[in-house]
Amino acid sequence: MSVTAPSATDSLRLDGLGIGDLAEINLEVDPGEVHCLSGPSGSGKSRLLRAVADLEPHGGEVWLGSQAQSSLPGHEWRARVMLVPAESHWWADSVAEHFSDAAPADLEALGFGLEVLGWQVSRLSSGEKQRLALLRAVSREPAALLLDEPTANLDDATTRRVEAWLVARIRERGWPVIWVAHDRSQIERVARRHLWIHAGRLVEEEQGAWT
Amino acid sequence: MDVIALSWWQLALAALMVVALAGCTAAARLGMSRSLLIAAARTVIQLALVGLVLEALFATERLHWVVLMALAMLLIAGREVMARQKRRLLGGWAFGIGTLAMFLSSFTVTVLTLTVIIGPEPWYHPQYAIPLLGMMLGNTMTGVALALDRLTDTAWRQRAVIENRLMLGQRWQEAVGDIRREAMRSGLMPMINAMAAAGVVSLPGMMTGQILAGSPPALAVKYQILVMFTITLGTGFGTLAAVAAGSRRLFDGRERLRLDRLSIPRS
C-alpha cells in the first residue's frame, strides 16, 4: 500500500486567513515540507488549524495546489487536508472499527502488534490513543496534514520513534504539513521553518536563533 | 347509549377527596399540597372550557371552526415541544421544526384516517375529528420533543467526537449518525412500549372511556387498535421529520458542526 500510493505535489497556501484574534494570515507550505507553529496557549494555534480544516467559520481562503477550500464540499476538503487534534476521540468500542486499512508495517513502526486492532478503546492509554489517532489519519491517505502537538503524551524514546515515522511518511508522500509544537529540539529536527504567533500575526523565527 | 349522568355535586365529592389528600400531605410536611391543588383547579377550569368549546363546535359543525381549533391545538403543541428542550435551536427553528413536523405527520394521518378509514359524514365531523387529532397531537408532541431534546443535548455533549469524525473526512450524516439513531429511538420508544403493554398491563384510556360510555368492548377494541396505529404513524413520521431537519440544522453549508445555533440552558 505504502509503495503504490501516488505522492502528492500540491502545496498548501493560506491566503488572508482570519479567525479570532488572528487576521490576514498568509503562509505557503511546499510539498513534503514541515512548518512548525508555536505560541503561548490561547494565542489561537489550534483555531488556526481548525480554520485551515474548515471546521469553523473564518475569513480568507485556503488553497491546496489549484483547488480552493470553498470549491469543495466540506467533507472532501477535510479528507484531503486532514487535522489530527491534540486530543483524539473515538466513537466505536474496538480499535479496528476506526480503521478501514491499517498496514502492519505502520503499526509496527509505532510500536504496536496486529493484536492492537482487537483492543477496546476504553483500555487505551493516552499515549496509545495519540499514536493510533495519527495512524488513523495517515492511513486515510490525505493530501496535507495539520498536526496539533502530535507527541504531547509520549515519552522521549517514543516521541523520537513517532517523529521519525511521520517525517519519513511526509517526505515519501510529499505532504505539506503544519505542525504545532513547543519542544525546540523537536522543531529543529522536523521543521524547515518555524513560525511564532505574536500579537495576532505569524512571525518567522530563524533556524538556530534560540541557541 | 345508557351512560349514567354525572352531576356537579358528584364531582364535588371526588374533589373533596383530592382536598383531603392535599391536607394529608400538608400535615406530613411533604410540600406537595400547593401544586396538587393548583393542578387540580387547572384540570377543572381547562376541561370545563374545552367542554364549552366542543359543545359549541359540535353544534355548528362548520369546517372553518374545526380548522381554527386544530390550528390552535397545533400551535400550543409546538410551543410545548420547544419548552421541553433543554438546548433548543435558536432563531425560531426549535418551534418551527417541531410544529412543521407535527403538522405534516399528525394532520396528514388524521385527515387520511377520517376520509379513508372511518368515513364520517361530513369527513370533518368534529365528534370524530377533534378527539382523534387531540390524541395524535398529544402523542406526536411527546415523541418529537423527546427526540429533539435528545438530539441537541447529545450533540452538545459529544461535540468533540462529532468534530473528530468530521476531521477524518466523514460526511455530516455519518458523523452524527449514531446520535440520530439514538434520538429516533427515544422518540419512538414510548409508543412501542405502549403498544407492547396494551391490554396486558394497562387498559388504554380511550378504550376504557368508550366502554364506560356504553360501547360494546369489541367495537371499543377496534377503535383502540386503529388509534394506536395512527398515533404510531403520526409519532413515527413526525419524529423522523424532526430529527432529519434538526440534525441538518446542527451543521452549516460547509458541513461544520454549529453548536452556536443552540441556546444555553437556564440552569
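A residue counts as buried here if 20 or more other C-beta atoms lie within 10 Å of its own. Keep that cut-off in mind as you look around this predicted model. Asp54 of chain A, Asp54(A), has 22 C-beta neighbours inside 10 Å, so Asp54(A) is buried.

**Chain B as a whole**

- Read from the N terminus, the elements of chain B follow the order α-α-α-α-α-α-α-α-α-α.
- Along its principal axes, the C-alpha atoms of chain B fill a box of roughly 70 × 55 × 40 Å.
- Chain B has 267 residues, and buried residues make up 31% of them.
- Take the contacts in chain B between residues at least 6 apart in sequence: 74% of these join residues at least 24 apart.

**Helix 4 of chain B**

- Helix 4 of chain B covers residues 93-118, which is 26 residues.
- At 1.5 Å a residue helix 4 of chain B should span 38 Å, and its end C-alpha atoms are 35 Å apart, so the two values agree.
- An α-helix has 3.6 residues a turn, so residues three or four places apart point the same way.
- Buried residues in helix 4 of chain B include Ala94(B), Ile97(B), Ala101(B), Ser105(B), Val109(B) and Thr113(B).
- The partners that the buried residues of helix 4 pack against are helix 3 (63-83), helix 5 (126-157) and helix 10 (217-249) of chain B.
- Just past the end of helix 4 of chain B comes Gly119(B), with a positive phi of about 65 degrees.
- Pro122(B) sits in the loop that links helix 4 to helix 5 of chain B, and the peptide bond from Glu121(B) to Pro122(B) is cis, with omega near -10 degrees.

- Helix 3 of chain B has 21 residues, and from first C-alpha to last it reaches 30 Å, close to the 30 Å expected at 1.5 Å a residue.
- Met69(B), Ala70(B), Ala77(B), Gly78(B), Val81(B) and Met82(B) are buried in helix 3 of chain B.
- Helix 2 (33-60), helix 4 and helix 5 of chain B are among what covers the buried residues of helix 3 of chain B.
- The axes of helix 3 and helix 4 of chain B come within 8 Å and cross at roughly 130 degrees.
- Helix 3 and helix 4 of chain B are therefore oblique to each other, and their crossing is right-handed.
- On the helix 3 side of chain B, the residues that meet helix 4 include Leu74(B), Leu75(B) and Arg79(B); on the helix 4 side, Phe95(B), Met102(B) and Phe103(B) are among those that take part.
- By class, this contact of helix 3 with helix 4 of chain B has nine nonpolar, three polar and one charged residues.

**Helix 5 with helix 10 of chain B**

- The axes of helix 5 and helix 10 of chain B come within 8 Å and cross at roughly 30 degrees.
- That angle makes helix 5 of chain B roughly parallel to helix 10 of chain B.
- The crossing of helix 5 with helix 10 of chain B is right-handed.
- Sorted by class, the contact of helix 5 with helix 10 of chain B has ten nonpolar, ten polar and no charged residues.

**Where chain A touches chain B**

- The contact takes 18 residues from chain A and 15 residues from chain B.
- Helix 2 (74-80), strand 6 (81-84) and helix 4 (126-138) of chain A each supply at least two residues of the side that touches chain B.
- Helix 2 of chain A gives the most to that side, with four residues.
- By class, the side of chain A that touches chain B has nine nonpolar, four polar and five charged residues.

**Two residues with positive phi**

- Asp54(A) has phi near 60 degrees, a positive value in a residue other than glycine.
- Asp54(A) lies in the loop between helix 1 (45-52) and strand 4 (59-64) of chain A.
- Glu255(B), also other than glycine, has a positive phi near 60 degrees.
- Glu255(B) belongs to the segment after helix 10 of chain B, and is buried because 21 other C-beta atoms lie within 10 Å.

Notes. Residues numbered from 1 in each chain as written. Chains lettered and ligands numbered in written order. Predicted model: local features only at pLDDT ≥ 70, side-chain atom pairs only at ≥ 80, totals over all residues. Expected span 1.5 Å × (residues − 1). Buried ≥ 20, exposed ≤ 12 C-beta atoms within 10 Å, placed from the backbone. Contact = placed C-beta atoms within 7 Å. Nonpolar A, V, L, I, M, F, W, Y, C, P; charged D, E, K, R; others polar. Axes fitted to C-alpha atoms, helices over the stretch in contact; angles between N-to-C directions. Parallel < 35°, antiparallel > 145°, perpendicular 65-115°, else oblique. Left-handed = near helix turned anticlockwise from the far one by under 90°.
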